[in-house]
Every structure is written in structure tokens, then in C-alpha cells.
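Here are my notes on the model, as numbered points. Please read them with the structure open.

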Amino acid sequence: EVGQDRVAFVQCAGGVAPGSWDNCPMKITEQCVVGLSWTLKDTLGEILDETPEPIEFLVGGDDLLPKLQDALMGKTVGARVELQIEPEDAFGDYNETLVFLESRKLFPENIEEGIVFEGLPAGCNTEAPKNQLFFVSDIYPEHVVLDGNHPLAGIAIRIHAKIESIREATVSEIGAGTLGTGFLKLAEPPAATPHLHGPDSNHLH
């Protein structure tokens, strides 16, 4: 038993008192689920997004930006992560060719800014990528602007995150490669707004 306690002490993060494997705080590894809260700022310090409550993501899948995932590895609950991610490692550079100005007549009367489309609606520019997600960025009396860039494209972001929870991922979660709440990703339509966390998010509209 003494030998096992010593092994537990060595492998427990933060030098937790030996005596039981139950005392070992779980570390973030691939194929686990992490709950994060965060504040997101641009390089000028303006707040772009913050979470009202923790949101879970699959580590080792498609949910997290690689730079953020790397920074989380090996951390335990309560740890904080602060890092700056450049556009090329975040949501890419802004691509003006993914912005389309379309006739207002092609859209319903109740269209709102932020609505997401996969490809442009029928009657719009046929050269637009059909599998690209577009969100309505502006609405004018005669035209609607659809943008295929992520709302944070071209922006260096500063992430101040706290690890709120860690748990093992289920077999189905690992198989899916995502919890469906990718970090600041646009949701697949139908959606009333470009939800950037998940189905209940109200951020970055």
C-alpha cells in the first residue's frame, strides 16, 4: 500500500496528499470533456464575448482551436489560461470574396441580421460556395449583405479562460468528435442568429 500511495502522490497534480487515487485531480487529456468560462477580447482590450455560464467542449475533437487546446492540456479544474491567438490560428484572415450583396426581394420580410444560411438562397449569386455558411451582416431597403467569413475573421483574439470542470468523454461523444458546441463556431442552419457557442447562446450576434 505504501508503494501505491507513493505512485499516487507522484502522479497527482499539485502535490496532493497521498493516500488514495480519489485524491488525484483529473487532468485535461485528449478524449475528455472540459467545461470552460471565458472573456474574449481584441488586442485593444475591447470585450468581444464572455460566457454567462460554463460551456463544455470535447478535447481531442473538432470543438477547440488547436492553440487553445494545447494551452489546456495537463491543466486541472480551477486553472486559468490566458493567451493571444493570431487570425491565422483562430478564424482566418478576412476574405472579401466571401461577401455578397443580394436583392432584398429574394428574402422573406422577417429576415434579421445574424440569420445563417448554408450557401446562398435560391436566386442569389451562383458563384458563391454552396457548402459555405453565410450570415446576414446588414439589411438595406434594396439589398441584403451575406458574409461567409466568421464574425471574428481577421481579428487577433485574447482569451482569458477558466477551467470549471473536467470529465471523461462518452463513447458516443468521442465517436462524434464534437459536443456540437464548437468554440465560437457558427451553428448550422436553421438558426435565428449565428450562435457562436451552442443553441442557447446570445453572444456575438
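1. This is a predicted model. Start with strand 4 and strand 9 (residues 157-168). They run antiparallel, and 6 bridges join them. Within this pairing, Leu83 stands opposite Ile159 of strand 9.

2. Strand 4 spans residues 80-85 and has two faces. Val81, Leu83 and Ile85 make up the covered face. Arg80, Glu82 and Gln84 lie on the uncovered one.

3. Val136 stands opposite Leu146 in strand 8.

4. Which residues touch the most other members of the largest nonpolar core? They are Leu36, Trp38, Leu64, Leu68, Ile157, Ile159 and Phe183, out of 28 residues in that core. At least two core residues come from each of strand 1 (32-42), strand 3 (55-58), helix 2 (66-72), strand 4 and strand 9. A second core is separate and has 11 residues, including Phe107, Ile111, Cys124 and Leu146.

5. Aromatics. The whole structure contains 5 aromatic pairs. One of them is Phe100 with Phe134, an edge-to-face pair at 5.7 Å centre to centre, with 75 degrees between the planes. It links distant parts of the chain: Phe100 sits in strand 5 and Phe134 in strand 7, 34 residues apart. Both Phe100 and Phe134 are buried. Separately, Trp38, Phe57 and Phe183 form one aromatic cluster.

6. Check Thr51, in the loop between strand 2 (47-50) and strand 3. Is this residue buried or exposed? Its relative accessibility is 15%, so Thr51 counts as buried, the cut-off being under 20%. The Thr51 side chain reaches the backbone nitrogen of Trp38 at 3.0 Å.

7. Cysteines. How many disulfides does the structure hold? The count is 0. Cys32 counts as buried because its relative accessibility is 1%. Cys124 is buried too, at 8% relative accessibility, and belongs to the second core.

8. Two backbone angles deserve a look. Gln31 is not a glycine, yet its phi is positive, near 70 degrees. Gln31 lies in the loop between helix 1 (2-11) and strand 1. With a relative accessible area of 46%, Gln31 is partly exposed.

9. The other angle belongs to Leu184. Its phi is also positive, about 60 degrees, and Leu184 is not a glycine either. Leu184 is found in the segment after helix 3 (171-176). Where Gln31 is partly exposed, Leu184 is buried, with a relative accessible area of 0%.

How values were computed
Residues are numbered from 1 along each chain as its sequence is written. This is a predicted model: local features need pLDDT of at least 70, side-chain atom pairs count only at pLDDT 80 or more; totals for chains, interfaces and linings use all residues. Side-chain values use heavy atoms; hydrogens and water are left out. Buried means under 20% relative accessible area, exposed over 50%, partly exposed in between (1.4 Å probe, protein chains only). Helices (H or I, at least four residues) and strands (E, at least two) are DSSP runs, numbered from the N terminus. Two strands pair if DSSP finds at least two bridges between them. A nonpolar core is a set of buried Ala, Val, Leu, Ile, Met, Phe, Trp, Tyr and Cys residues joined through side-chain atoms within 4.5 Å. A polar contact is a pair of N or O atoms within 3.5 Å; within protein, one must be able to donate a hydrogen and the other to accept it, and residues adjacent in sequence count only if both atoms are side-chain atoms. A disulfide is a pair of cysteine sulfur atoms within 2.5 Å. Rings of Phe, Tyr and Trp (its six-membered ring) pair if their centres lie within 6.5 Å; planes under 30 degrees apart count as stacked, over 60 as edge-to-face and the rest as tilted.
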